[in-house]
Each structure stands twice: as structure tokens, then as C-alpha cells.
Amino acid sequence: MNGNKAWMWVAAALLCTTIAASYAAINYHSQVESYKKNYEALLEDLEGLTILVNIKIDYGNGTVAWYNETRVPLDSTLLTATQIVASVEYSTSEYGAFVNKINGVGEDPDTYWLWSYWDPDKRSWEFGPVGADQWVLHNGDTVSWTYTTF
């Protein structure tokens, strides 16, 4: 009889742990679903307040870095977006911002950072017509910085 009582207690203990584990799994699943809903709601809010742009940085020495689908706030300028992906040193004048260095590269004699944008209608790169602090980006824009000699 003592052997049967021992197995009964073992069975009871296993039943209790099974019930506790099931409760924990259900609780965990419920929390995961709640966090998932909150995440999706926040992502939807974020997408309403931001745009995605592609930024290319050509250091002029064969090194090119792409920052595709970079999320930036609505109404961001090219300068603001570049500051999100890189360390930027610039000066300002009456003509707008002039970028001196990107990620520590710049200020070599007769070499400058120039920016351009991809024109999908012309299917070509077009030089920026204004300072980087004046060019407002739109969702899907592709822009490029090139360190080049004149």
C-alpha cells in the first residue's frame, strides 16, 4: 500500500506542475499578444510621423556607404537626415549649410562634399539646387553625398 501512496503523491505533484505550467504558458501567450498589439499600434503611429529615405555617402576613395530605408521625421531636410546616419560638421552662410566633413572625412584642398538626388523621371542623378538644410525630403527619396575634387 505504501508504494501506491507514493505513486499517488508523485502523480498529484506532476498534475500540479502540469496545471501550473499550463497557466504560465497561457499567461505568457496573453502577455505576448498584448505587447504585439502595442508594438503594432506604436509602429503605425511612427509610420504616420516619419518617412523612409535612401542615403548614399561616397567618400571619394572607393568607399561607398548606403543607408537604405532610413526613417526620418516628416519635413526633414537632407542635412537632418544625414546627421541621423553620420557625424556631420558644417558651416552656415546666407546660402545655407555647407558640409565640411562627414564621418571625419573632409576639408582636403580643392575637395568638397556635394550632394545630388535621384530624379526618377530623368533616371539620373541631379546636383542639389539648394543647401542641404533647405532641401526637404519626401518619402522614398534617394540622395547622395560625394566627396569630390574640383
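Visitor: Which residues lie nearest the centre of the largest pocket?

Guide: W113, L114, W115, V130 and G131 lie nearest the centre, out of 13 lining residues. A pocket here is an open set of points on a 1 Å grid over the protein atoms alone, where a 1.4 Å probe fits, with protein on both sides within 12 Å along at least five of seven lines; lining residues have an atom within 4 Å of a point. This is a predicted model: local features need pLDDT of at least 70, side-chain atom pairs count only at pLDDT 80 or more, and totals for chains, interfaces and linings use all residues. Residues are numbered from 1 along each chain as its sequence is written, and side-chain values use heavy atoms, with hydrogens and water left out.

Visitor: How much space lies in the largest pocket?

Guide: About 200 Å³, the volume being the space filled by probe spheres set on the grid points, which are joined across faces, edges and corners.

Visitor: Which strands supply at least two residues of that lining?

Guide: Strand 4 (96–102) and strand 6 each do. Strands are DSSP runs of E, at least two residues long, numbered from the N terminus.

Visitor: How do the lining residues divide?

Guide: Eleven are nonpolar, two polar and no charged. Ala, Val, Leu, Ile, Met, Phe, Trp, Tyr, Cys and Pro count as nonpolar, Asp, Glu, Lys and Arg as charged, and the others, Gly among them, as polar.

Visitor: New topic. How many salt bridges?

Guide: Two. K101 pairs with E107 and K122 with E126; in K101–E107 the closest N and O atoms are 4.0 Å apart, and in K122–E126 they are also 4.0 Å apart. The criterion is a side-chain nitrogen of Lys or Arg within 4 Å of a carboxyl oxygen of Asp or Glu.

Visitor: Is K122 buried or exposed?

Guide: K122 counts as exposed, because its relative accessibility is 55%. Buried means under 20% relative accessible area, exposed over 50%, and partly exposed in between (1.4 Å probe, protein chains only).

Visitor: And E107, buried or exposed?

Guide: E107 counts as exposed, at 52%.

Visitor: What about V88, buried or exposed?

Guide: V88 counts as buried, at 15% relative accessibility. V88 lies in strand 3 (residues 88–93).

Visitor: Where is N103?

Guide: In the loop between strand 4 and strand 5 (105–106). Phi of N103 is near 50 degrees, a positive value in a residue other than glycine. Most residues other than glycine have a negative phi.

Visitor: What is phi of D110?

Guide: Near 55 degrees, also positive. D110 sits in the loop between strand 5 and strand 6.

Conventions: Helix = DSSP H or I, 4+ residues; strand = E, 2+ residues; numbered from the N terminus.
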